[in-house]
Amino acid sequence: MTTHVNDAGVEPAAEDHSGLSVEELKAKLRRDYDPFSTRTIAEQLAELAERREQVPVSWSARGNGCWVITRYDDMAAMLQRSNKGFISFPSTPDGVNTQGSQKKMIPIEVDGAEHRQYRALLDPLFSPKRVQALEPELRVAANRLIDKFIEAGEADFAHEFALPFPGATVLAIMGWPAEDLEKINAWVDVVMHGIIGASEEESNAARGKAHGEIRQYFGDMITERRADPGDDVLSHMIRSDFADRKLDDDELFDFCLLMMLAGLDTVKSVFAQSFVYFGRHPEKWDEMFEHEETLKPAIEELLRWASPPVPTRNVTEDVIEVGGVSIPKGDRVHGPLAAANRDPKYYPDPDEIQFDRPAKPHLAFGLGAHRCLGIHLARLELRVGYEELRRRIPRFSLDESKPPIDHLGLAWGVENVHITFPPGPRENPA
Ligand code: HEM
């Protein structure tokens, strides 16, 4: 390939593939890619960086086949073309719905006018003002979690903070009972990652059981809210008409499931990945809090660097051009956001965390019509979480005797982050 970004950040003209049949093109650009590989995040990123240099738009024949994009510009262009050549359903690289839902997940797999209708209802419910009102509640939730491990001087930060804290936040914004937090977190953990160390069969059995329990739980909640609607997000969804009809129970269930999956694993991943890094680079943990104004840009840099989600789009036009490659109708395009956010064209030394990078908006929250609904909530969670963690645990290190285990998939992250620190006092009674 010739589309190599040189040191000056300049891309030579794209290679000419004209005259090639689709099969010839796929053979020429073939480089198989495993989105569910057991590699570490760093290894996957190294492979993607090499791919960006050599075959920035590549064909992977693994599974049901998909195109893999790696450059910032290609990713941004694809994300901005919702319903203009690309649709979102199904949003997995193999084109198979993995969450067990029968229909398109609202709103993430819906496009066009219908999608706009969902966002028109949901955006105000996740507005900066509504989200900001949750700050005191989030601070209390963060400190309750920290209280549980602060006296021990050690914790698996991933399980004891990074997962339950976003769980508490989703419960708060959705108006779900706060006492159900542990139950919901345990389900999300199993659904997303199976059981660590167990066989595939055992993991699948546990997933099936968790799916059943989740279905029952949200089924009951939907019935309750139908009977006695409130001001919560689910009640708004139940009350509203979409394309002149009400949502059925399956659609409402899928919506609840998406809120859990989208809201928990992403924030968990940013906290967990960053704590692995800070555990090894305490000077950066200090730098993040040097001045009051350093925290916000630092959080954006951590989002760029961590970028957990990996969206997929499906081609609906006869042919669509992505990065100089003509992709035929029916094919899928898979885009690891982390690869785009480490494109050296915009981020020199992209693997380094630099809190004072010149502003080039990152793509961690996506772009265009499907840009993250929870963007304000996620930013608030990260700010409140980091502030309270810093106040209570100013110094910590990674326990290298229990190394972190990364996972890839549809939201990259870290399973366990064992840290040690000087013990501190509880602030609330047990
Ligand atoms: C650091 C945290 C987060 C990151 C990096 C993130 C990232 C993303 C990205 C990249 C998308 C677009 C996916 C696509 O284009 O296919 C998205 C969509 C979405 N996110 Fe987030 N997200 C985060 C937190 C949250 C939270 C806290 C919530 C809600 C509680 C949430 C709810 C959603 C929903 C509902 C969508 C679908 C929007 C649509 O399709 O219109 N996210 N998110």
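This is a predicted model: local features need pLDDT of at least 70, side-chain atom pairs count only at pLDDT 80 or more; totals for chains, interfaces and linings use all residues.
The shell around the ligand comprises 27 residues, of which Gly-263, Pro-311, Gly-366, Cys-372 and Gly-374 come nearest. By class, 19 of the shell residues are nonpolar, seven are polar and one is charged. At least two shell residues are supplied by each of helix 12 (249-280) and helix 16 (375-392). Helix 12 makes the greatest contribution, giving seven residues to the shell around the ligand.

In soluble globular proteins, nonpolar side chains tend to be buried together. When neighbours within four places in sequence are left aside, Cys-256 is in contact with Phe-218 and Leu-234. Phe-218 is itself one of the buried residues of helix 10, together with Ile-214, Met-221, Ile-222 and Arg-225. The buried residues of helix 10 pack against helix 9 (181-193), helix 11 (233-239) and helix 12.

Three strands form an open sheet in the order 4-12-9, with antiparallel pairing. Strand 4 is joined to strand 12 (residues 418-420) by three bridges, and the two run antiparallel. Glu-154 has Thr-420 of strand 12 as its bridge partner.

A further antiparallel pairing links strand 6 (residues 319-322) with strand 7 (residues 325-328) over four bridges. Within this pairing, Glu-321 is bridged to Ser-326 of strand 7. Two residues lie between the strands of this hairpin, where Gly-323 adopts a positive phi near 55°. In a regular strand the side chains alternate between the two faces of the sheet. In strand 6, Ile-320 and Val-322 make up the covered face, whereas Val-319 and Glu-321 make up the uncovered one.

Gly-335 lies in the loop between strand 8 (332-334) and helix 15 (337-340). Gly-335 counts as buried because it has 27 C-beta neighbours inside 10 Å. Residues up to four places away in sequence not being counted, Gly-335 touches Ile-69, Met-75, Met-78, Val-310, Pro-311 and Ala-340. Pro-311 is also among the residues that come nearest to the ligand.

Cis peptide bonds join Phe-89 to Pro-90, with omega about -10°, and Ile-106 to Pro-107, with omega about -5°. Pro-90 is placed in the loop between strand 3 (86-87) and helix 4 (112-125), and Pro-107 is found in the loop between strand 3 and helix 4. A positive phi, near 65°, is adopted by Asn-83, in the loop between helix 3 (72-79) and strand 3. Asn-83 counts as partly exposed because it has 17 C-beta neighbours inside 10 Å. Ser-307 likewise has a positive phi, near 25°, and is situated in the loop between helix 14 (295-306) and strand 5 (312-315). With 27 other C-beta atoms within 10 Å, Ser-307 is buried.

Definitions and conventions. Residues are numbered from 1 along each chain as its sequence is written. A residue is near a molecule or strand if its C-beta atom, placed from the backbone, lies within 6 Å of it. Ala, Val, Leu, Ile, Met, Phe, Trp, Tyr, Cys and Pro count as nonpolar, Asp, Glu, Lys and Arg as charged, and the others, Gly among them, as polar. A residue is buried if 20 or more other C-beta atoms lie within 10 Å of its own, exposed if 12 or fewer, and partly exposed in between; C-beta atoms are placed from the backbone. Two residues are in contact if their C-beta atoms, placed from the backbone, lie within 7 Å. Two strands pair if DSSP finds at least two bridges between them.
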